[in-house]
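Please keep the sequence and the structure in view while reading.

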Amino acid sequence: MQIDRYETGKRMSQAVTYRGFVFLAGQVAIDAPGASVREQTTNVLARITRLLDGVGSNSTRILSATIWLADMSKFEEMNAVWDAWVPSGHAPARATVEARLAAPEFSVEIGMIAAIGE
């Protein structure tokens with residue numbers, strides 16, 4: 001089976017497809033560093049939408065999501081954006097944890113696994 005890598009850099013690819021699945025790297029708000037959790041979540045989900053579209057998937061096909069928050073007190077703020085983005089009836093398996101992210105200007109990071117096609 002073929003493995004395809006998208007937006008590959010020195011250390012990682014933003015997306016990898018294999019056997020009908022896409023594995024997304026953790027996405028941060030590159031276009032909104034230091035912004036509110038709401039704005040960062042919106043930016044991250046837009047990046048994820050673009051990556052999913054690029055490999056023939058979408059938000060109805062997400063199987064699993066992991067969300068890292070720098071401050072768990074912002075959980076509801078992040079969820080307000082998430083809940084509006086995930087289509088009704090298509091909620092994936094999900095974990096949300098508090099963690100120190102790679103750079104202090106980022107408050108939210110989201111990684112996903114989704115099915116491709118259909």
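## The salt bridge

Glu-7 and Arg-50 are joined through their side chains by a salt bridge, with 2.5 Å from N to O. A salt bridge here is a side-chain nitrogen of Lys or Arg within 4 Å of a carboxyl oxygen of Asp or Glu. Glu-7 belongs to strand E1 and Arg-50 to helix H1, so the pair ties together parts that are 43 residues apart in sequence. A search of the whole structure finds one salt bridge.

The classes are defined as follows: buried means under 20% relative accessible area, exposed means over 50%, and partly exposed lies in between (1.4 Å probe, protein chains only).

## Basis of the model

The model is predicted; local features need pLDDT of at least 70, side-chain atom pairs count only at pLDDT 80 or more, and totals for chains, interfaces and linings use all residues. Residues are numbered from 1 along each chain as its sequence is written, and side-chain values use heavy atoms, with hydrogens and water left out.

## The sheet

Six strands form an open sheet in the order E1-E2-E3-E6-E4-E5, and the pairing is mixed. Strand E1 (3-8) and E5 are at the edges with a single partner strand each, so one side of each has no neighbour in the sheet. From one strand to the next, the twist averages 10°. Angles run from 0 to 180 degrees between N-to-C directions, with axes being lines fitted to C-alpha atoms, for helices over the stretch in contact. Two strands pair if DSSP finds at least two bridges between them. Strands (E, at least two residues) and helices (H or I, at least four residues) are DSSP runs numbered from the N terminus.

## Strand E6 and its partners

Strand E6 covers residues 108-115 and is mostly covered, with seven of its eight residues buried. Which strands pair with E6? Strand E3 (residues 21-27) pairs with E6 in the antiparallel sense over five bridges. Strand E4 (residues 62-69) also pairs with E6 in the antiparallel sense, over seven bridges.

Single residues show how these pairings line up. Val-22 has Ala-114 in E6 as its bridge partner, and Gln-27 has Ile-110 in E6. Thr-66 has Gly-111 in E6 as its bridge partner. Leu-24 has its place in strand E3, and Leu-24 is buried, with a relative accessible area of 9%. The C-alpha atoms of Leu-24 and Val-37 are 20 Å apart, while the two residues are 13 residues apart along the chain.

## The β-α-β unit

In which sense do E4 and E5 pair? E4 and strand E5 (residues 93-98) pair in the parallel sense over six bridges. Within this pairing, Ser-64 stands opposite Ala-93 in E5.

E4, helix H2 (residues 75-85) and E5 make up a right-handed β-α-β unit. A crossover is right-handed if, with the strands pointing away from the viewer, the path from the first strand over the helix to the second runs clockwise.

## Loops and backbone angles

Ser-57 sits in the loop between helix H1 (37-54) and E4. Ser-57 counts as buried, because its relative accessibility is 4%. Ser-57 and Ser-107 are 50 residues apart along the chain, and 26 Å separates their C-alpha atoms.

Glu-7 has a phi near 50°, a positive value in a residue other than glycine. Arg-19 also is not a glycine and has a positive phi, of about 50°. Arg-19 lies in the loop between E2 and E3. With a relative accessibility of 54%, Arg-19 counts as exposed.

## A nonpolar surface patch

Met-1, Ile-3, Tyr-18, Phe-21, Phe-23, Leu-63 and Ile-113 form a nonpolar patch on the surface, and together they have about 630 Å² of accessible area. Patches are made of residues with over 30% relative accessible area and no salt bridge; like charges are joined within 9 Å, and nonpolar side chains (Val, Leu, Ile, Met, Phe, Trp, Tyr) within 5 Å. Accessible areas come from the Shrake-Rupley method with a 1.4 Å probe, and for residues only the protein chains shown count as cover.

One of the patch residues, Tyr-18, lies in strand E2 (residues 13-18). Tyr-18 is partly exposed, with a relative accessible area of 32%.
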